[in-house]
Amino acid sequence: MDKTEQKAQNVIAMSEFKNDTGFTAIAQIEGYWDALRGTRLMPKRSEIDPRGIESALEFTFVLERIAPGMARLRIAGSHLSDLMGMEVRGMPLTSFVSPGSRRQLSDAMEEVFQRPAVCELRLSAETGRDKPPMDARLILLPLKSDLGDVSRILGCLVARGDVGRAPRRFEIIGARMRPITSVAEVPSEMPKVCHPAEPAVSQDEVVSGFAETKPRFAARPSRTDVPYLRLVKTDE
């Protein structure tokens, strides 16, 4: 795929996100999340400790999925409130992007929940009177709730430049989705198989899949044996 086609699809190489100066909070949040999850797909929401991301708290938020493609802010740093000029807790994350980019953000959030995956977005602020240019980065990292479902997101939004007159909304100009895998899902060795010369059980007891071993039953009496039931007829 050539560079012209990449720009047309708004796909930006991951290196372009990480090499930009002024967005160190993005890398800090992702590094913290990655360290918490270890060999798992993702950490739990209850494992997030603000002390571990103290230097990036003002840019950090936690989302709760409330419907397909919709998530609201449960916790949000002061930087997000500055961008909107109001308290943003309880607001949908799509409030931060322009109407033309909201469907793309909704689809990105749903993919983070469903795959699961890590999503990083490159944003550019809408400009106008008292609204100078701003560029921003947004990262979305999946979390499990206390019930075990993937319904939370740990995120970080960093906008660079003068805020000017709020609210400030952004257009999505680049996106990168990275599926995540768990090291624990990959078996370390092949399962052991019993050698035919040394069967662990008799041939009659060998079962496959999730089937249970057949129970042993006593043989039924033959027709020449005494019948199990006998009809007694009387004239009384």
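Colleague: Leaving aside its neighbours within four places in sequence, which residues is Val-112 in contact with?
Modeller: Val-112 is in contact with Ala-117, Cys-119, Leu-140, Leu-141, Pro-142, Ile-153 and Met-177. Keep in mind that this is a predicted model.

Colleague: Okay, and is Val-112 buried or exposed?
Modeller: Val-112 counts as buried because its relative accessible area is 0%, and buried means under 20%.

Colleague: How far apart are Val-112 and Met-177, in sequence and in space?
Modeller: They sit 65 residues apart in sequence, yet their C-alpha atoms are 8.3 Å apart in space.

Colleague: Which helix does Val-112 lie in?
Modeller: Val-112 belongs to helix 5. Glu-110 is in that helix too, which covers residues 102-114.

Colleague: Tell me about Glu-110 then. Buried or exposed?
Modeller: Glu-110 counts as buried, since its relative accessibility is 16%.

Colleague: What does the side chain of Glu-110 reach?
Modeller: The side chain of Glu-110 reaches the backbone nitrogen of Gly-69, at 2.7 Å. Not counting residues up to four places away in sequence, Glu-110 touches Arg-65, Ala-67 and Pro-68 as well as Gly-69.

Colleague: Let me zoom out. How many helices and strands does the chain have?
Modeller: There are five helices and six strands. Starting at the N terminus, the order is α-α-α-β-β-α-α-β-β-β-β.

Colleague: And what share of the residues counts as buried?
Modeller: Of the chain's 236 residues, 35% are buried. The accessible surface comes to about 15600 Å², and carbon and sulfur atoms account for 52% of that. As for contacts between residues at least 6 apart in sequence, 63% of them join residues at least 24 apart.

Colleague: Which of its residues are buried?
Modeller: In helix 3 the buried ones are Ala-25, Ile-26, Ile-29, Glu-30, Tyr-32, Trp-33 and Arg-37. These residues are on the same side of helix 3, because they cover an arc of only 160° around the axis. Thr-24 and Ala-35, on the other side of helix 3, are exposed.

Colleague: What comes just after helix 3?
Modeller: Gly-38 comes there, and it takes a positive phi of about 60°.

Colleague: New topic: salt bridges. How many does the structure hold?
Modeller: It holds 12. Side chains of opposite charge can pair when their charged atoms come close.

Colleague: Which residue does Arg-160 meet in a salt bridge?
Modeller: Arg-160 meets Asp-135, at 2.7 Å from N to O. Arg-160 lies in strand 5 (residues 152-160) and Asp-135 in strand 4 (residues 135-143), so this pair ties together parts 25 residues apart in sequence. Arg-160 is partly exposed at 33% relative accessibility, and Asp-135 is partly exposed at 23%.

Colleague: What about Arg-40 and Arg-51? Which partners do they have?
Modeller: Arg-40 forms a salt bridge with Glu-47, with the closest N and O atoms 2.9 Å apart. Arg-51 pairs with Asp-49 at 2.8 Å, N to O. Arg-51 counts as exposed at 68% relative accessibility, while Asp-49 is partly exposed at 26%.

Colleague: Last one: which residues are linked in a network of salt bridges?
Modeller: Glu-64, Arg-72, Arg-74 and Arg-152 are linked in such a network.

Note on methods
Residues are numbered from 1 along each chain as its sequence is written. This is a predicted model: local features need pLDDT of at least 70, side-chain atom pairs count only at pLDDT 80 or more; totals for chains, interfaces and linings use all residues. Side-chain values use heavy atoms; hydrogens and water are left out. Helices (H or I, at least four residues) and strands (E, at least two) are DSSP runs, numbered from the N terminus. Buried means under 20% relative accessible area, exposed over 50%, partly exposed in between (1.4 Å probe, protein chains only). A polar contact is a pair of N or O atoms within 3.5 Å; within protein, one must be able to donate a hydrogen and the other to accept it, and residues adjacent in sequence count only if both atoms are side-chain atoms. Contact means heavy atoms within 4.5 Å. The arc is that of the directions from the helix axis to the C-beta atoms. Accessible areas come from the Shrake-Rupley method with a 1.4 Å probe; for residues, only the protein chains shown count as cover. A salt bridge is a side-chain nitrogen of Lys or Arg within 4 Å of a carboxyl oxygen of Asp or Glu.
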